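Please look over the sequence and the structure below before reading on.

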Amino acid sequence: MCSTCGCDAQDNQVKMTKPGEENLHAHEHGHSHDHDHEHGHSHGADHSHEHPHTHSHGHTHPHDHDHDHDHDHSHDEAHEHTHHHAHGHDHSGSKTVQMEQDVLAKNNLLAQRNRGFFEAKNVMALNIVSSPGSGKTTLLEKTITALKNDLDFCVIEGDQQTMNDANRINATGAPVIQINTGNGCHLDAEMVINAARKLEVKDNSMLIIENVGNLVCPSMFDLGENFRVVVISVTEGDDKPLKYPAMFHSSDICIINKIDLLPYVDFNVEKAKEYAMRANHHLTFFEVSATTGLGMEQWFGWLKGIKGKK
């Protein structure tokens, strides 16, 4: 279980698939480790023994099993697992906070390594975040189609299930890989670097990471991106920045999508921008309709501008 947000983000649920590889999932999430678990559990008492694995990115952590029972554990792993054992003990809130800090610290360390990897390859990386249904996949489709002669795109798609979004991006001609997180509600830095390597991200390209649809948990996980872009739509309500301030605080760009629907919905653009600025007064805004193309030229110009500066 993810100790930061409580999602069931287990290692063996994560799958990374390129379009056309749907039947080749044999644990292809790119982690360079061997699972050689020989658990000879001899439990004389009735208690719950849960091993949700939270990745700790290449470190080895000893297992402190202080049990009165006979446990024959042979854990030979090249990465650290933080094991939460439900043995009926009274775990204090301070331990929960410590676990969260540990997980985020390790993720941030790997995010810095990702940044170095992208910089060495002159890759511009964008992390696109939103709630489900904001239109971010449509935004990417239209962006890639319009700029594919100007920018060399590659895409990492994040979703809990299905290849739907990767197939849509694949139709534009851009190289794409799908990360299915199972019950996990966010991407992390380790997933991204493994996906980027499997995708064989080219030098001088623009890497677009479409995160799992969620305005809460992805805000905590740095992926090593150059820019974080939060997308909201006018159909969601103009109070989104008030409800999810951490996401807007951690973002660089805010795209307000589906503005062609403004005559039909109760959404005040200026109020939404004001609320977002309370969380982060450095935000840059784009008001667009990915479907009709309204306002998209300004977004395209910004993308070409940041890539030109690399």
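This is a predicted model: local features need pLDDT of at least 70, side-chain atom pairs count only at pLDDT 80 or more; totals for chains, interfaces and linings use all residues.

In what follows, a residue is called buried when its relative accessible area is under 20%, exposed when that area is over 50%, and partly exposed in between, with a 1.4 Å probe and protein chains only. Residues are numbered from 1 along each chain as its sequence is written, and side-chain values use heavy atoms, with hydrogens and water left out. Helices (H or I, at least four residues) and strands (E, at least two) are DSSP runs, numbered from the N terminus.

**Nonpolar cores**

- A nonpolar core is here a set of buried Ala, Val, Leu, Ile, Met, Phe, Trp, Tyr and Cys residues joined through side-chain atoms within 4.5 Å, and the largest one has 30 residues, with Leu126, Ile255, Trp299 and Leu303 having the most contacts inside it.
- Elements that give two or more residues to this core include the strands β6 (124-130), β7 (153-159) and β11 (253-257), and the helices α2 (136-147), α3 (164-170) and α8 (296-308); the largest share, 6 residues, comes from α8.
- Apart from its neighbours within four places in sequence, Ile255 is in contact (heavy atoms within 4.5 Å) with Leu139, Val229, Val230, Val231, Ile232, Phe286, Val288 and Trp299.

**Charged pairs**

- A salt bridge is counted when a side-chain nitrogen of Lys or Arg lies within 4 Å of a carboxyl oxygen of Asp or Glu, and the structure holds 11 of them.
- One of these joins the side chains of Asp222 and Arg115, at 2.8 Å from N to O; because Asp222 lies in the loop between β9 and β10 and Arg115 in helix α1 (residues 93-120), the pair ties together parts that are 107 residues apart in sequence.
- Within that pair, Asp222 is buried at a relative accessible area of 17%, while Arg115 is partly exposed at 25%.
- Lys136 forms a salt bridge with Glu210, with 3.9 Å between the closest N and O atoms, and this pair ties together parts 74 residues apart in sequence, since Lys136 lies in helix α2 and Glu210 in strand β9; both Lys136 and Glu210 are buried.
- Arg278 and Glu274 form a salt bridge, their closest N and O atoms being 3.2 Å apart, and because they are 4 residues apart in helix α7 (residues 269-279), about one helical turn separates them.
- Glu270, Lys273 and Glu287 are linked in a network of salt bridges.

**Lys307, a buried charge**

- Lys307, in helix α8, is buried yet has no salt bridge, and the nearest side chain of opposite charge, that of Asp152, is 8.8 Å away, where Lys and Arg count as positive and Asp and Glu as negative, with His and the chain ends not counted.
- A polar atom of the Lys307 side chain lies 3.5 Å from the backbone oxygen of Asn204, and residues in contact with Lys307 beyond its neighbours within four places in sequence include Asn122, Met124 and Leu151.

**Asp252**

- Asp252 lies in the loop between α6 (245-249) and β11, and counts as partly exposed at 33% relative accessibility.
- A polar atom of the Asp252 side chain lies 2.8 Å from the backbone nitrogen of Arg228.
- The C-alpha atoms of Asp252 and Thr284 are separated by 6.5 Å, although these residues are 32 residues apart along the chain.

**Cysteines**

- A disulfide requires a pair of cysteine sulfur atoms within 2.5 Å, and a search of the whole structure finds 0.
- The sulfur of Cys185 is 3.2 Å from the closest cysteine sulfur, that of Cys217, which is too far for a bond; Cys185 counts as buried, at 14% relative accessibility.

**Helix α4**

- Helix α4 (residues 189-199) is mostly covered, with 9 of its 11 residues buried, among them Glu190, Met191 and Asn194.
- Asp188 caps the N-terminal end of α4, a side-chain oxygen lying 3.1 Å from the backbone nitrogen of Glu190, and α4 is followed by Glu200, whose phi is positive, near 55°.

Key. A polar contact is a pair of N or O atoms within 3.5 Å; within protein, one must be able to donate a hydrogen and the other to accept it, and residues adjacent in sequence count only if both atoms are side-chain atoms.
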